[in-house]
Amino acid sequence: MKDYPGRVETGLNSRENWWADMPPRTGRGPRPGRWAVLGLAFILPSFIPAAVDLATDGVTGKELVIAALLIFYGACYVLFPLSLRPSRRKTTYVFSVLMLLVGLALVFLHDNNPYILIYATAVLAFTLPPAWALILDGGALLLVLGVHLAVGKDDFGDLIAVTSITAAMFFMANLVRAVRKLEAANREIATLAVAGERERLARDLHDILGHSLTTITVKAGLARRILESGKDDSRALQEIREVEGLTRSALSDIRATVSEYREVSLSAEVAGARAALRAAEIDADLPHAVDNVDPALQRTFGYVLREAVTNVLRHSGAKRVKVRLGKTWLEVEDDGDGGEAMAGNGLRGLTERLDAVGGTLTATTPPGGGWLVRAEVPESALRSVAPAPLSEPAGGCA
C-alpha cells in the first residue's frame, strides 16, 4: 500500500501495528472502578451455576481446586484494566498469559467445556498486541481442539461459538485501537492548527504593522525636523496629517487582520512605498503600473514589496531604491549598506508566502553594493495556482 506523508496507520495493514501495544485511553470510557461492576455483571451468569453445583453435589478435592481457580480467574477478569498502565508492560504480559493458562485448566477440569475460555481470550485481545493475541488465543483454541479430537469428542459447536466470539473480540479490540489513534491524531491536528494560526497572525501583523509603523516613524521624524528648523510649517502640518491617516489605516489593518479579511494589492503597495520613501528622502524609481504582473501573484508580490521597502527604511541607509516588475517576478534593489542576509521574521514570512505559490525568494548583495530582493514564481508553478482574490473573507468583523 502506498504510504503518504502524515498518514495515520490505524488498522492491521502494517507490521508495526501488529506488534504495537494498546494506545492509552484518551477519551471517555469505563475506568477500572466502573469496569469492576461491568465485569461482575459479565461473569456472574457463568459463575453462579458453577457455584450452585459445588454447593449441592458435595465438595471434593477436585471441586475445591476448580472453585479456587474460578475465584482467581474471575478476579483477573474484573481487575485486568489495572495491568494496562504503560509502566507495567511486563506485568501485562505475565498477567495475560497466566489468565489464559488458568482458563485452559478450567476447560480441561470441567469436561472440556470451552465457554469458560472466552473471558481469557477477550482479555488477551484487549491487553496484548494483535500479533501476540492472535498467537496465544489461536494456540489455546487449537489446543482445545486437539484435546477434543484426542478424547473422541465429535460435537464442535461450543468450540466454534467460542472461536467466533474470540474473533469478534479481536476485531473489536482493533477498532478500539483505531479510535484511540484517531483521537490522538485529532488532538495533534488541533495543536498544529493553533500553532499555524499563531504563525499566520504573527506573520500578517509583522507584514502590516512593520511597514505602517516604520512609515509613521519616518514621517513623524521629518515633521519634527521641519518644526525644529522653523521653516515650511505647512509641510510639517501635511506630514502630521499623513501620520494621522497612517495611524488610522494601521488600526484598520489590525482589525482586518484579526478578522481574517485582509486586502493587499500590488498597486496600493506601490503607492504606499512611494509616499514612505519620499518622506524618508529616498529617491524612488517605481513602476507607474502593475498590469504586467500576473493577477494571481499581485497580492503575494504586494507583501514582498511592502516588506522590502520596510527593510530599506529601517536598515539600509539607502539613498535610492529601484523596483522592477515582470509577469512572474519582482525585484527591489537599493544602494544601501548591504551586508549578510539575516533570516528575520519578515524574510521568513515572505519565504512562506512564496512557497505557497511554488515560488522562491532570494536576498543578495549585488556586485556594486547595496541590497537586492527578488521574488520569482516559475511558469510551471503559476499554471497550477488559481487566481487569488485580493481579499480573504472569513466571516465576522472586528
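**A walk through the helices**

Start with α5: Ile118, Tyr119, Ala120, Thr121, Ala122, Val123, Leu124, Ala125, Phe126 and Thr127 are buried. That makes ten of ten, and the helix is mostly covered. Keep in mind that this is a predicted model.

What does α5 pack against? Its partner is α6. α5 covers residues 118-127, and α6 covers residues 130-150. Their axes lie 8 Å apart, at an angle of about 165°. The two helices are therefore roughly antiparallel to each other. The crossing of α5 past α6 is right-handed. From α5, the contact uses Thr121, Leu124 and Ala125. From α6, it uses Ala133, Leu136 and Asp137.

Now α6 itself. It has 21 residues, which at 1.5 Å a residue should span 30 Å. Its end C-alpha atoms are 30 Å apart, so the span agrees. Which residues are buried here? They are Pro130, Ala131, Ala133, Asp137, Ala140, Leu141, Val144 and His148. Look at the spacing along that list. An α-helix has 3.6 residues a turn, so residues three or four places apart point the same way. After α6 comes glycine 152, with a positive phi near 80°.

Next, α3. This helix runs over residues 61-79, 19 residues in all. From first C-alpha to last it reaches 27 Å, close to the 27 Å expected. Its buried residues are Glu63, Ile66, Leu70, Tyr73, Gly74, Cys76, Tyr77 and Val78. Note that Glu63 is on that buried list.

The partner of α3 is α4, residues 89-109. Their axes come within 10 Å and cross at roughly 145°. This crossing is left-handed. α3 brings Lys62, Val65, Ile66, Leu69, Leu70, Phe72, Tyr73, Cys76 and Tyr77. On the α4 side they meet Phe95, Leu98, Met99, Val102, Gly103, Ala105, Leu106 and Leu109. Several of these α3 residues are buried, including Ile66, Leu70 and Tyr73.

Two single residues deserve a stop. One is serine 46, in helix α2, residues 32-56. Is serine 46 buried or partly exposed? At 37% relative accessibility, it counts as partly exposed. Serine 46 is 70 residues from isoleucine 116 in sequence. In space, C-alpha to C-alpha, the two are 7.9 Å apart.

The other is glutamate 281. It sits in the loop between α9 (266-279) and β1 (283-285). Most residues other than glycine have a negative phi. Glutamate 281 is also exposed, with a relative accessible area of 58%.

Now step back to the whole chain. It has twelve helices and five strands. Of its 398 residues, 39% count as buried. Take the contacts with a separation of 6 or more: 71% of them join residues 24 or more positions apart.

Last, confidence. The chain averages a pLDDT of 79, and 83% of the residues score at least 70. Where pLDDT is low, the predicted coordinates should not be read in detail.

Definitions and conventions
Residues numbered from 1 in each chain as written. Predicted model: local features only at pLDDT ≥ 70, side-chain atom pairs only at ≥ 80, totals over all residues. Heavy atoms only, no water. pLDDT = per-residue confidence, 0-100. Helix = DSSP H or I, 4+ residues; strand = E, 2+ residues; numbered from the N terminus. Expected span 1.5 Å × (residues − 1). Buried < 20%, exposed > 50% of the residue type's maximum accessible area, 1.4 Å probe, protein only. Axes fitted to C-alpha atoms, helices over the stretch in contact; angles between N-to-C directions. Parallel < 35°, antiparallel > 145°, perpendicular 65-115°, else oblique. Left-handed = near helix turned anticlockwise from the far one by under 90°. Contact = heavy atoms within 4.5 Å.
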